[in-house]
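Welcome, and thanks for taking a look at this one. Please have the sequence and the 3D view open as you read the briefing.

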Amino acid sequence: MTNLLEHVQYGHLLPAAHGLIAEHAKQTKAHLLATGSAMEALAKKFGGDAQTWRVAGMLHDLDWDMLEKDYEKHCGEPLEKLLATIQAPQELLGDIRAHYASKYGAAYPLDSMLRKCLYCVDELTGFIIAVTLVRPSKKIADVEVSSVKKKMKDKGFAAQVDREQIKQCETLLNIPLDEFIDVTIQAMKAVANDLNL
Ligand SMILES: [Fe+2]
């Protein structure tokens, strides 16, 4: 059996990842920083390389602002070109493409813990930001696991977020949904200032 934690490491790209976000992802910045922090926490939980996982989380939607709603192009050539500017290894492009499983799943399967976590947590960080923004304070400090679960059951709330993808933490990561949400909220609270939440 392959080791799901075996992985090319690219944590040295962390400063470059911050630079790319500052330059190219002004609208998506909070989602990217939240996902980076969550991925770092998940790496610590599962025994992955924390900085590598964080970089993958930070850059997974780097091209989002420039797509101009043409989501078919997500994770395509423009992203590849941006990653080339920081001499990113092919592994990082693959890890990012794997999270767009409906398009790239065959070429880049969810065959590592990093990829499985990124796939599940991507939808969750977006959802938690949406939950935060409807709190009276608009502060992540006021968001609890129970508030997130309640909103997940409300199908009309943030309807574009795929609840099933989040719930796959139970099969893909083998952790209960409550725990997955808790780890992610705590990771986001730790960088609340950077998220402006
Ligand atoms: Fe995302």
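Here is a short tour of the metal site, some helices and a few loop residues.

This is a predicted model, in which local features need pLDDT of at least 70, side-chain atom pairs count only at pLDDT 80 or more, and totals for chains, interfaces and linings use all residues. Residues are numbered from 1 along each chain as its sequence is written, and side-chain values use heavy atoms, with hydrogens and water left out.

**The iron site**

- The iron ion has H31 (NE2), H60 (NE2), D61 (OD) and D122 (OD) as its protein donors, at 1.9 to 2.2 Å.
- Donors here are N, O and S atoms within 2.8 Å of the metal (3.2 Å for Na, K and Ca); water is not among the atoms, so sites may look incomplete.
- Along the chain, these donors follow the spacing H-x28-H-D-x60-D.
- The angles among the four donor atoms run from 92 to 168°, and the site is irregular.
- Buried means under 20% relative accessible area, exposed means over 50%, and partly exposed is in between (1.4 Å probe, protein chains only).

**Helix α1 against helix α3**

- Helices are DSSP runs (H or I, at least four residues), numbered from the N terminus.
- The axes of α1 (residues 14-24) and α3 (residues 50-59) come within 10 Å and cross at roughly 10°.
- Because of that angle, α1 is roughly parallel to α3, a term for angles under 35 degrees.
- Axes are lines fitted to C-alpha atoms, for helices over the stretch in contact, with angles from 0 to 180 degrees between N-to-C directions.
- On the α1 side, L14, A17, H18, L20 and I21 make the contact, and on the α3 side Q51, R54, V55, M58 and L59 do; contact means heavy atoms within 4.5 Å.
- Seven of the contact residues are nonpolar, two are polar and one is charged.
- In this grouping, Ala, Val, Leu, Ile, Met, Phe, Trp, Tyr, Cys and Pro are nonpolar, Asp, Glu, Lys and Arg are charged, and the others, Gly among them, are polar.

**Two mostly covered helices**

- In α3, eight of the ten residues are buried, namely A50, T52, W53, V55, A56, G57, M58 and L59.
- The cover over the buried residues of α3 includes α1, α2, α4, α5 and α7.
- Helix α5 (residues 90-98) has seven of its nine residues buried: L92, L93, G94, D95, I96, R97 and A98.
- The cover over the buried residues of α5 includes α3, α4 (77-84), α6 (101-104) and α7 (113-133).

**Loop residues**

- D49 sits in the loop between α2 (29-46) and α3 and is partly exposed, at 27% relative accessible area.
- Beyond its neighbours within four places in sequence, D49 is in contact with Q9, G11 and A43.
- Most residues other than glycine have a negative phi.
- E68, in the loop between α3 and α4, has a positive phi near 50° and is exposed at 72%.
- K69, also found in the loop between α3 and α4, has a positive phi of about 70° and is exposed at 68%.

Methods:
Parallel < 35°, antiparallel > 145°, perpendicular 65-115°, else oblique. Tetrahedral: all angles 85-135°; square planar, octahedral: opposite > 155°, others 65-115°.
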